[in-house]
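Colleague: Hi, could you walk me through this one? I would like to know how the chains meet.

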Amino acid sequence: MNVKIDTEGAFGSALVTLEAGEKFVSEAGAMYRASPNMEISVESRKKKNEGMWGALKSGIKAMFAGESFFLSTYTPNDSQAGEVGLAPTHQGEVRSVKVGPEVWICSGGSYLGSSGSVGLDTQYQGLSKGMFSKEGLVFVQASGEGDLLVNGFGRISSVDVSGDITIDNGHLIAFTEGLEYTISKAGGGWISSMMSGEGLVMKFSGNGKVLVQSHDPSRLGGVLGALLPPRED
Amino acid sequence: MRFDIKGNPSYGEVDVDLGPNETILIEPGAMSRMSSNLDSSFQRQGGFFSAIFRKMFGGENFFLGKYEHPDGGKLTFAPSIPGHVEHRQLTNNSLNIMAGGFLACTPGVNIKAKFGGLKALFSGEGAFLLEASGSGDLFFNSFGGVVEKQINGEFIVDTGHVVAFDPSLDYKITGMGSFKSTMLSGEGMVMRFSGNGKLYLQTRNVSSIASWLTPRLG
Amino acid sequence: MKYDIVCAPSYSLIEMNLSEGESVIVEPGSMAWMDTTIKPKTEMKGGVFAGIKRKFGGESFFLNTYTAEGGSGTIGIAPGYSGDIVVRELNDETLYMERGAYLCHVGNIETSATWEGFSGTFAEGMFGLRVSGTGLLFFGSYGDIQEVEVNGSYTVDNGYAVAWEQNLDYSIGRSGRSIRSFLFSDQLICHFHGNGKLWVQTRSPRNLAAWVHPFRRVKSKND
């Protein structure tokens, strides 16, 4: 298996080459090109140990919550090697991080794909305060061993935490499990935050790594959404 | 205050190292990460009426996020639209910046709205200018790539592609010829510059993205 | 005529210098800046029927012609979406492209609509564009552009195919054989067959449109 990441310019993408028998998983809808022998199967997201029916139910709930909950699995359907290209929705970098021994908690829109050997819990509830997250309800826990592909809006920076750092929630991509964090409003109070335009922030402490993105897609959404015609629902 | 602009030309963001009691004022929502000790609050710019005027016409919120601490601290901020971030050191002079381009400044820089005229209202960009004047650090941004041109004479720019320009340049906002040909040509309003000075242009703008996306919406 | 592509590959813009009397034909809305010696003219190229054919191709009813008069001049041309620009010299050839990809051309090139003959949720391209003739053609991509030399067949997700040479055919299908793919109704796949060049972009406007949906204002009774 080989993952080639296109780093030239502002629009990152990944081209994954698989030998017969190898598997790769991605957010369904991330695939943009593939060799004709690539078998693509679309599955619902599952909690660990959840059966098919439970997965379908929680998936449908997630769909009504506005989240895309499908994952696609790719593998060559003949004895030849094959390739599949994965691209995120937004402009920005794509990066590969190693899973194992570190466990990564990756935010909703930042998960792009992972090798078949990585265990995914797509309804990770460890982030119980996640309901306040601007990223939405979805966090993915990636464990086991293999490669995790993340995408960021803008450029991706890796921050080594040893002490305290405050990160605006819209800029969070992923962090290593084991870091302690609290979620609060920036500016110390609701009014102050509203005026200064800052939303939720996460204060990390302890030791670990955080991946951040330079830009916050919800700010682009606000500017762009205001210029678009109104919607029906 | 020390600063470092990273990520140009596609994803400019600014790392700032604030000394004790040094203050920076940034566009609302622009803070991405900071050392946890920094105090963040908000500051209204200018007097009441100028603030309302700026909010209605300037495109910039009339509150700015204010960051400082007696011990100093680190802060990283980025614009809402990805692109190139530019720094100008103002030394008792000024720069005109289009609405949406202002990112941050130190307290010695004064931000004021300039009314672009009635035609500017129809431009879709707001086409209103901010004038940044005084002394201090000024940060502004473009959407996408920035092209600098030294103007000697006349030049025409679609209003959505103007980022900033020296106050020595005069400008007029017009359509493309007659009103009918403006509507048919698909071009928006243009700014006709004349004089001598520096002009910062951007190769993309958000309203063009909106026009392109509109027929493709669900 | 001289040209330079600046701010490539992500925010590409053409800076084209025209000598006196030279013209460039441009998709409306794509002029970013120009010298005062560049004069615009809006017209229907090729008469009423060509205009209508172009309209259904997703390109505007009109094309703009910019001509340098009273001296040479520079014009800056860029699409509304971010990404790269491809330059292609056409020698009495035909190229097919996604509507919206066409940017500008110099020379004797005709654009017309093609009916893809596919009904359904093919949001991007019930209509494609057929571009043929001799001259220099410029088209844009949303995101990066990648060239694929197809030898046999190749698969591209709907919305990512930008342009392809005339000796390629394609058929539309659905991804995967999973029963649940019916819920994923918008993942239509294009299978290209033949031998020829295919241009693929790395972002899709449909994904952006879906993502921006909750940021749009909800229609009120007064709208």
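Predicted model: local features only at pLDDT ≥ 70, side-chain atom pairs only at ≥ 80, totals over all residues.

Colleague: Okay, let's start with chains A and B. How many residues of each are in contact?

Modeller: On the chain B side there are 29 residues, and they are in contact with 28 residues of chain A.

Colleague: Which elements of chain B give two or more residues to that side?

Modeller: Those are β4 (31–34), β5 (39–44), β6 (63–68) and α4 (206–213) of chain B. With five residues, α4(B) gives the most to the side that touches chain A.

Colleague: And what is that side of chain B like by class?

Modeller: It has 14 nonpolar and 13 polar residues, plus two charged ones.

Colleague: Which strand of chain A is joined to β4(B) by bridges?

Modeller: That is β14 (residues 156–168) of chain A; two bridges join it to β4(B), and the strands run antiparallel. If you want a spot to look at, find A:Ile167, whose bridge partner in β4(B) is B:Arg33.

Colleague: Nice, I'll look for that pair. Now chain A against chain C: how many residues are in contact there?

Modeller: Here 32 residues of chain A are in contact with 35 residues of chain C. On the chain A side, the elements that give two or more residues are β4 (31–34), β5 (38–44) and α3 (217–227).

Colleague: Which of them has the largest share?

Modeller: β5(A) does, with five residues. By class, the side of chain A that touches chain C has 14 nonpolar, 12 polar and six charged residues.

Colleague: Changing topic, what is the secondary structure of chain C?

Modeller: Chain C comes to two helices and 14 strands. Of its 223 residues, 44% are buried. Among the contacts in chain C with a separation of 6 or more, 78% are between residues 24 or more positions apart.

Colleague: Last one, about confidence. What is the mean pLDDT of chain B?

Modeller: The mean is 82, and 79% of the residues in chain B reach 70 or more.

Colleague: Where in chain B is the pLDDT below 50?

Modeller: Over residues 119–127. In the model, that stretch of chain B still has 25 contacts beyond near neighbours in sequence.

Notes. Residues numbered from 1 in each chain as written. Chains lettered and ligands numbered in written order. Contact = placed C-beta atoms within 7 Å. Helix = DSSP H or I, 4+ residues; strand = E, 2+ residues; numbered from the N terminus. Nonpolar A, V, L, I, M, F, W, Y, C, P; charged D, E, K, R; others polar. Pairing = 2+ DSSP bridges. Buried ≥ 20, exposed ≤ 12 C-beta atoms within 10 Å, placed from the backbone. pLDDT = per-residue confidence, 0-100.
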